[in-house]
Amino acid sequence: MHEKDRHRVILSAVQDRSLVTVIDLCVLTGASEATVRRDINTLDEKKQLRRVRGGAEALTSTPFVGLAGRPFSVNETLNSAEKQAIAAAAVDLCEDGEPIIINGGTTTFQMVHPLASRRMQVFTNSFPIAEHLLKNTSNTVMVSGGILYREQNIILSPFENDVTRNFYAKRMFMGAQGIGPLGLMEGDPLLIQAEQKLIGQTEELIVLVDSTKFEQRSSLVLCPLERIDTIITDDKIDDRTAAMLESADVTLIVVPSGTAQKEGVANLPA
């Protein structure tokens with residue numbers, strides 16, 4: 001890679017992440033540490049970035065209105081074994097050829113791996129889900145239009161006449177920021193708006209959440225418990241929460257924590 005090209009890559013990375021390390025830049029440019037350090041020094045002298053110990057940072061941060069909540073990259077590291085088992089149980093509910101909606105999230109993202117052996121019609125507002133299914137599976141993929149929110153890796157449209165209204169799904173799979181007696185909770189009004197449109201396009205709503213989500217709350221309610229058909233979670237769910245779901249006529253599928261779904265799933269119909 002020529003010097004000018006390396007400089008473009010370095011400046012792009014710094015603007016995207018605000019702070020990047022020399023090691024990160026070596027991976028991005030394919031150059032040695034010595035070369036990257038020289039490039040950083042040159043760009044620092046030109047006042048295009050600021051040299052810091054072990055890397056470089058942007059001179060000014062780029063203002064960007066994001067969504068409330070933790071970034072996708074942070075959430076995907078939490079309770080990963082439980083999420084994989086929950087997602088496998090979700091795919092077992094699907095039949096080849098049927099249309100489904102997969103809402104963006106780190107638990108729903110884990111569905112992409114068992115879906116590799118399926119042929120589904122998948123509508124999603126998740127950039128990483130769409131990309132993975134397109135590259136690694138034979139599923140038909142349709143994405144919503146709108147703005148791509150980098151931190152959550154989700155596509156949201158502020159317009160009513162987007163492609164969402166033209167897709168019908170047998171089932172919709174989604175996660176949540178929290179679940180309580182009032183229903184399914186999210187942390188951002190834009191998410192609420194987009195997800196309510198998606199819910200309106202499906203017959204059956206299936207929620208994928210690890211048991212920690214029953215302890216979390218938000219100020220925004222997406223839908224009441226009675227709108228949910230099925231919740232898939234891990235076996236750390238407590239009896240009180242299970243009783244709450246049963247009283248709302250929600251079917252509960254409990255997956256053993258940290259194990260593959262094929263090893264055994266408890267189905268607790270309400």
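This note covers the salt bridges of a predicted model.

1. Ground rules. The model is predicted, so local features need pLDDT of at least 70 and side-chain atom pairs count only at pLDDT 80 or more, while totals for chains, interfaces and linings use all residues. Residues are numbered from 1 along each chain as its sequence is written, and side-chain values use heavy atoms, leaving out hydrogens and water.

2. Overall count. The whole structure holds 11 salt bridges. A salt bridge here is a side-chain nitrogen of Lys or Arg within 4 Å of a carboxyl oxygen of Asp or Glu.

3. Glu82 and Lys236. Their closest N and O atoms are 3.5 Å apart. The pair links distant parts of the chain, 154 residues apart. Glu82 sits in helix α5 (residues 80-91). Lys236 lies in the loop between β14 (230-234) and α9 (239-247). Helices (H or I, at least four residues) and strands (E, at least two) are DSSP runs, numbered from the N terminus. Glu82 is buried at 12% relative accessible area, whereas Lys236 is exposed at 56%. Buried means under 20%, exposed over 50%, partly exposed in between (1.4 Å probe, protein chains only).

4. Glu131 and Lys135. This salt bridge spans 3.2 Å, N to O. Both residues belong to helix α7 (residues 127-136), 4 residues apart, so about one helical turn separates them. Glu131 is partly exposed at 34%. Lys135 is exposed at 61%.

5. Glu98 and Arg171. Here the closest N and O atoms are 2.5 Å apart. Glu98 is in the loop between α5 and β4 (99-102), and Arg171 is in strand β9 (residues 169-174). Glu98 is buried at 10%; Arg171 is buried at 11%.
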